[in-house]
Structures are given as C-alpha cells and as structure tokens.
Amino acid sequence: MARQSLVGQVADELLDRIITGEFPPGATVPGEHELSARHEVSRMTVREAMKTLQAQRILSVERGRGTFVNPLNRWASLEAVLRAASEGKNEAETSVQLIELRRMLETGACELAAGRIRDEDIQALYSHVDSMRAAHEVNNVAAFVEADLAFHDLILHASENVFVSVLFEPLHQVLQKRRTQTSAVREIQEHAIGHHRKIAEALESRDPARSREAMDNHMQQTLDDLKNLVLEAK
C-alpha cells in the first residue's frame, strides 16, 4: 500500500506540472532517472506512476524518442480533465467547451423533462427564477449562482434519465466556478433571468419541442454573453 501511495503522489505531481503548463501538449516529460531523483523514490515507482498516466492517455510513449504529453482532448480520465478545467491556464477555451457540453446535454434533458416534470417541480422552477431576480436586485452573486444551479439541476432530474444526472455531478464544482465568473456581470444576470423564465413557461406547457428550443436559446445567449461580455472584456 505504501508503494502504491508513492506511485499516486508522483503521478499527481507530474499531472500538476502538466496542467500548469510546465509540460504543454507535445512536450517531452523528464526521464525515470530525473523524476526518481526529484521525488526521492525508486525508478520502479516512477515507472508505475508513468504507466498510470499512460493508462489515462495523458502521456504516450514513442519507442526510441521518449514520453510525450497528449492534447487534452485525448485524455481518458474525467477527473484529470476536470482538474485541468479548474486549475489550467486556458480558461477561455475551457469555458466555451463547457457551454458546448451543457448545450448538448441540457437541451435534450429539457425536452425529456417536458413530458415528465411534476406540477410541484414547475412551481419550484418559478421559485428559483424569483430567487435569481431577488439576488440580482441586491447584487448577491453567490445567491444568484445557487438559484441558477438549482434551476438546472431540477430539470436534469426531471428528465428522469439516470445517466444525465450522473454525468453532470462531477462537473458541479467547475460549473459553479464558471457561473460565479460570468454571473458577476449584471447584464448577464438580466439575460439569464429572462431565459430561465421562458424555459419554465415552456416546461409548464409540456411541449417538448418548445422546451428544447427555450433551453437552446438560453445556451446560445450564455455563449454570446461569455464571448462578448467576459472574454472580450479581459
């Protein structure tokens, strides 16, 4: 167990160096001798740590050339990708890709929810919109984000598709961080309040196509706001 713990520590440290940009995609990582000296562990421990990252497709070995860092879109570990999203330097690209992911999943979830959502859940959606508006009026970003996330979580669960909720759960921390950044802009808050109310109204109508369109319009507005009011402002 002790040796496995050391393997994990070495793998985590090397992953951190990759995420912070010390070893960007395509870069060669240090060899076993250098890493064993840095971490004061055996070369066998380093070798197993490297194998861990290879299994996650973070690293790839080219015989006779060395071990290289793969592009993020080739990584096979959700945990590692989420760490990169939370701690990495390319926040703009990560934020855009998160919205793209949300758009793919949440529009479908909203369409499913239209035929399955309960009356009490509809009322809860309107309550969350009211909470967003109240938070906007006093410029309470934390309360605004909390109500925003609760609104979307309710729809995901109302879809009654177990895979949707499971897929989104690991993203919660990253989404909360990104929502806090974008929701600090009051104009974005105003747009979000309007779109959330339209989504609630569409779901209340129990019309799947209308519900899907309402969520899709919200995702497009979110993407436009990110690009025009956040990224261009930096």
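The structure is a predicted model, in which local features need pLDDT of at least 70, side-chain atom pairs count only at pLDDT 80 or more, and totals for chains, interfaces and linings use all residues. Residues are numbered from 1 along each chain as its sequence is written, and side-chain values use heavy atoms, with hydrogens and water left out. Helices (H or I, at least four residues) and strands (E, at least two) are DSSP runs, numbered from the N terminus.

**The second largest pocket**

- The second largest pocket holds about 350 Å³ of space.
- A pocket is an open set of points on a 1 Å grid over the protein atoms alone, where a 1.4 Å probe fits, with protein on both sides within 12 Å along at least five of seven lines; lining residues have an atom within 4 Å of a point. Grid points are joined across faces, edges and corners, and the volume is the space filled by probe spheres set on the points.
- At least two lining residues come from each of α5 (91–114), α7 (141–158), α9 (172–182), α10 (186–204) and α11 (208–231). The most come from α11, which supplies seven residues.
- By type, the lining has nine nonpolar, ten polar and seven charged residues. Here Ala, Val, Leu, Ile, Met, Phe, Trp, Tyr, Cys and Pro count as nonpolar, Asp, Glu, Lys and Arg as charged, and the others, Gly among them, as polar.

**Two loop residues with positive phi**

- Glu40 is found in the loop between α2 (32–39) and α3 (43–55). Glu40 is not a glycine, yet its phi is positive, at about 55 degrees.
- Glu40 is exposed, with a relative accessible area of 72%. Exposed means over 50% relative accessible area, buried under 20%, and partly exposed in between (1.4 Å probe, protein chains only).
- Arg57 lies in the loop between α3 and β1 (59–62). Arg57 also is not a glycine and has a positive phi of about 65 degrees; with a relative accessible area of 52%, Arg57 is exposed.

**A buried strand residue**

- Thr67 belongs to strand β2 (residues 66–69) and is buried, at 13% relative accessible area.
- Neighbours within four places in sequence aside, Thr67 is in contact (heavy atoms within 4.5 Å) with Ala27, Thr28, Val29, Met50, Leu59, Ser60 and Val61.

**Salt bridges**

- The whole structure contains 15 salt bridges. A salt bridge is a side-chain nitrogen of Lys or Arg within 4 Å of a carboxyl oxygen of Asp or Glu.
- Asp16 and Arg83 form a salt bridge, with their closest N and O atoms 2.4 Å apart. This pair links distant parts of the chain, 67 residues apart, with Asp16 in helix α1 (residues 2–19) and Arg83 in helix α4 (residues 78–87).
- Asp16 is partly exposed at 31% relative accessibility, whereas Arg83 is buried at 18%. A network of salt bridges links Asp12, Asp16 and Arg83.
- Arg43 and Glu32 meet through their side chains in a salt bridge of 3.6 Å, N to O. Arg43 lies in helix α3 and Glu32 in helix α2, so the pair ties together parts that are eleven residues apart in sequence. Arg43 is partly exposed, at 45% relative accessibility.
- Arg65 forms a salt bridge with Glu62, where the closest N and O atoms are 2.3 Å apart. Arg65 is exposed, with a relative accessible area of 57%, and Glu62 is partly exposed, at 32% relative accessibility.
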